[in-house]
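Dear colleague,

Please find below the structure that I am handing over to you.

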Amino acid sequence: MNRSIKVGISIFAIAMAFGLNITGIVPVLNLVRERYSDQSTSVVQLMQTLPYAFLMVGSLIIGWLTTRMTKKNIALLAAAVIGVCGTLPFLSESFTVLFISRLLIGFGFGLAGPVITAIIAEFIPVENRASYLGINVVGMGIGAMAGNLIGGLLAKSGLRYFYLVYLMAFISLAVILLLLPRGTISERNSRSVRKLNAMVYILAVTAFLHTLFVNAYSSNIGMHIAREITSDTGAAGIVTAVSSVSSLLMGVLFSKITKLLKRATLPFAVFSAAAAYAVILFIPGMPGAVISSFLTGVSISCFNAMGGYLTSILVRQEAVAKASGLFSIFGGIGGLISPIVLGGISSSVLSGNTPRNQFSIALAGMILLGAAISLIILKGFGEPKEAA
């Protein structure tokens with residue numbers, strides 16, 4: 001097996017573990033609300049987005065870690081943290097245990113996302129990176145899909161059994177250990193070549209806003225289905241699995257999409273999310289939920305893949321981990337405060353903090369963000385300023 005194949009399989013494995021971040025606790029969010037009925041709706045929603053707090057920590061130190069550890073060891077650490085913290089609530093149904101495990105698992109996700117881009121930048125030439133970022137998206141889609149479907153089935157035996165789905169991360173760890181080449185440790189005295197440019201910061205702010213609004217879907221879809229469509233606990237898992245299928249499809253097609261849309265891939269991703277919220281608001285029942293889920297998957301996968309591609313070409317290879325970490329940090333902030341910000345706006349501006357009101361706010365936000373990104377692109381956003 002040649003090195004490029006080993007790298008491709010390893011990227012898929014890391015991405016599969018990272019895809020569990022999309023799953024989170026979405027399939028059982030309504031069960032969590034019932035189990036911890038003494039907690040407010042906003043606090044329960046926060047359990048889905050809480051990992052973003054420590055995701056930012058992992059993303060913040062990823063550049064520093066690449067000067068102390070190989071990217072293979074960072075990937076192994078990420079998979080181990082995801083596996084251990086993800087399964088911890090199986091051992092105890094204490095809300096404190098759930099809170100701590102959901103907080104700490106973010107560190108693993110914070111390492112996994114940027115290290116994938118850094119591995120691609122180290123081993124894969126620029127002209128082939130879009131294809132490998134497509135593999136990344138496929139892996140994320142399969143990880144999230146398996147998390148939703150298998151987790152939803154496990155939850156039928158009780159809430160605590162859902163968390164066993166995070167054992168998937170240990171499969172990823174084994175694949176990384178066996179196949180990923182060791183690689184090199186970045187030079188510690190290369191601060192000048194790890195310098196970021198203005199384009200990276202624009203991309204990071206875009207990640208903040210996109211994640212802020214797109215997380216309204218994952219934080220609310222379970223409760224929306226339970227309140228307005230069906231009380232079947234498996235329905236949320238099936239609906240959210242559709243977004244994983246669309247993510248998988250976008251991963252397979254990503255290199256073709258970027259060739260067709262080029263820099264317009266980023267606004268395409270944003271407007272896909274806007275369309276998803278329009279559908280969930282105006283098409284009732286399961287058809288609306290399924291179509292919306294599909295479009296959400298398109299948005300998340302295209303946005304993250306394009307973000308990874310841009311961070312890999314906008315800076316030098318030594319700075320890719322740092323740039324990707326910044327992208328994840330800003331996205332993490334958006335994801336962390338999403339339930340609080342959107343919930344607060346829903347309560348103060350609309351009739352209350354309900355899933356439907358949060359969807360309405362997210363729709364308006366995505367339309368404005370898509371328009372802004374389209375205008376920025378007309379001024380040259382997305383054109384690399386330095387060779388990778």
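This is a predicted model: local features need pLDDT of at least 70, side-chain atom pairs count only at pLDDT 80 or more; totals for chains, interfaces and linings use all residues.

**Salt bridges**

Side chains of opposite charge can pair when their charged atoms come close. How many salt bridges does a search of the whole structure find? The search gives 3.

One of them joins the side chains of Arg35 and Glu93, with a distance of 3.7 Å from N to O. Arg35 belongs to helix 3 (residues 29-35), while Glu93 is in the loop between helix 6 (71-91) and helix 7 (95-123), so that this pair links distant parts of the chain, 58 residues apart. Arg35 has a relative accessibility of 39% and therefore counts as partly exposed. Glu93 is also partly exposed, because its relative accessible area is 30%.

Another salt bridge is formed by Lys71 and Glu122, whose closest N and O atoms are 3.1 Å apart. Because Lys71 lies in helix 6 and Glu122 in helix 7, the pair ties together parts that are 51 residues apart in sequence. Are these two residues buried or exposed? Both Lys71 and Glu122 are buried.

A further salt bridge brings together the side chains of Arg356 and Glu228, at 3.0 Å from N to O. Here, too, distant parts of the chain are linked: Arg356 is in helix 15 (residues 355-378) and Glu228 in helix 10 (residues 198-228), 128 residues apart. Arg356 counts as partly exposed because its relative accessibility is 30%. Glu228 is partly exposed as well, with a relative accessible area of 46%.

**Aromatic pairs**

A pair of aromatic rings is described by the distance of the centres and the angle of the planes. The search of the whole structure finds 6 aromatic pairs, and among them is the pair of Tyr36 and Phe95, which is edge-to-face because the planes stand at 65 degrees, with the ring centres 5.1 Å apart. Tyr36 lies in the loop between helix 3 and helix 4 (41-49) and Phe95 in helix 7, so this pair ties together parts that are 59 residues apart in sequence. Tyr36 and Phe95 are both buried.

Phe90 and Tyr161 also form an edge-to-face aromatic pair, with 5.6 Å from centre to centre and 65 degrees between the planes. Since Phe90 lies in helix 6 and Tyr161 in the loop between helix 8 and helix 9 (168-179), the pair ties together parts that are 71 residues apart in sequence. Phe90 counts as buried because its relative accessibility is 18%, whereas Tyr161, at 32%, counts as partly exposed.

Both of these rings also have a charged neighbour. Arg160 lies over the face of Phe90, at 4.2 Å from the ring centre. The charged end of Arg160 also sits over the ring of Tyr161, 5.3 Å from its centre.

**The second largest pocket**

Rolling a probe the size of a water molecule over the atoms shows where empty space is left. The second largest pocket holds about 180 Å³ of space. Its lining consists of Val126, Glu127, Asn128, Arg129, Ala130, Ser131, Ser255, Thr258, Lys259 and Tyr309. Which helices each supply at least two residues of this lining? They are helix 8 (129-155) and helix 11 (233-261). By class, the lining has 3 nonpolar, 4 polar and 3 charged residues.

Yours sincerely,
A colleague

Terms used: Residues are numbered from 1 along each chain as its sequence is written. Side-chain values use heavy atoms; hydrogens and water are left out. On a 1 Å grid over the protein atoms alone, a cavity is a set of points where a 1.4 Å probe fits but cannot get out, and a pocket is an open set with protein on both sides within 12 Å along at least five of seven lines; lining residues have an atom within 4 Å of a point. Grid points are joined across faces, edges and corners, and a volume is the space filled by probe spheres set on the points. Helices (H or I, at least four residues) and strands (E, at least two) are DSSP runs, numbered from the N terminus. Ala, Val, Leu, Ile, Met, Phe, Trp, Tyr, Cys and Pro count as nonpolar, Asp, Glu, Lys and Arg as charged, and the others, Gly among them, as polar. A salt bridge is a side-chain nitrogen of Lys or Arg within 4 Å of a carboxyl oxygen of Asp or Glu. Buried means under 20% relative accessible area, exposed over 50%, partly exposed in between (1.4 Å probe, protein chains only). Rings of Phe, Tyr and Trp (its six-membered ring) pair if their centres lie within 6.5 Å; planes under 30 degrees apart count as stacked, over 60 as edge-to-face and the rest as tilted. A charge sits over a ring if NZ of Lys or CZ of Arg is within 6 Å of the ring centre and within 35 degrees of the ring normal.
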